[in-house]
Amino acid sequence: MRRFTQQCPELRALHAALRQRTQNRRAPLASLSRAARPCCSSGRRQFHSTSLTLREKPPSEPQPTSFQDLDMLGQIAVPSTSVDVCMSDGFALNSGITITGGDGALLVNGEAFAWRPWEIKGEKRMLNSKGQLDIPAEALSVFNILWPRPDLLIIGAGKQIVPLSPETRRVLSEMGIRVEVLDTRNAASQFNMLATERGIDDVAAVLIPLGWEEGVGAA
């Protein structure tokens, strides 16, 4: 065959043409493959490097909460009239003042007074015939000479909560003072918090000793 091809110029020309055509067909495919291969390879390297970057960053941890930073009243001075101790026959205040001897406490405008509303009645009784706390108007007359008056009066009724008489509620309402009645221990705690938060001018308190007994008093 080789010898025959060498002897036929036509066959040699035909083989050359076929060989050239085959090379021309393969060249674009090879060049396309070589052109596309770096792009695909580069894409794989870029995706892989991004994944490594994400892995190198540790997840951020939340900062611990400081409850001292959330204490809005932590930097506010406690009023000197705040109640430190409720005793059976009186009270010990933050200022160091002690009210004893069975007296109640009147806390208003940053001042503390011994309070004996039962003396106006002439007997050691604070409840009316319906079992309601009935405070004589004269025992609340100090609020008539104050200006501005406190917005809220907290009443500590003794060992337990008792309803306030309509007459006492009316007297306070006419002076524009809101009222909240609690047992003495909780009333003192409420006064301490609100006086610190809102100020001593806005909140006042009258407290009956924890050991108060109707007809006997506190001892």
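Is Glu 174 buried or exposed? Glu 174 counts as exposed, at 59% relative accessibility. Buried here means under 20% relative accessible area, exposed means over 50%, and partly exposed lies in between (1.4 Å probe, protein chains only).

This is a predicted model, in which local features need pLDDT of at least 70, side-chain atom pairs count only at pLDDT 80 or more, and totals for chains, interfaces and linings use all residues. Residues are numbered from 1 along each chain as its sequence is written, and side-chain values use heavy atoms, with hydrogens and water left out.

Now to the charged pairs. A salt bridge is a side-chain nitrogen of Lys or Arg within 4 Å of a carboxyl oxygen of Asp or Glu. By this rule the model has 8 salt bridges.

Helix H5 covers residues 166-174. Helices are DSSP runs of H or I, at least four residues long, numbered from the N terminus. Arg 170 is partly exposed, with a relative accessible area of 38%. Glu 167 is partly exposed too, at 43%.

Another bridge joins Glu 123 to Arg 125, with 3.6 Å between the closest N and O atoms. Glu 123 is partly exposed at 42% relative accessibility. Arg 125 is also partly exposed, at 37%.

Finally, a network of salt bridges links Asp 103, Arg 116 and Glu 119.

Technical notes:
Helix = DSSP H or I, 4+ residues; strand = E, 2+ residues; numbered from the N terminus.
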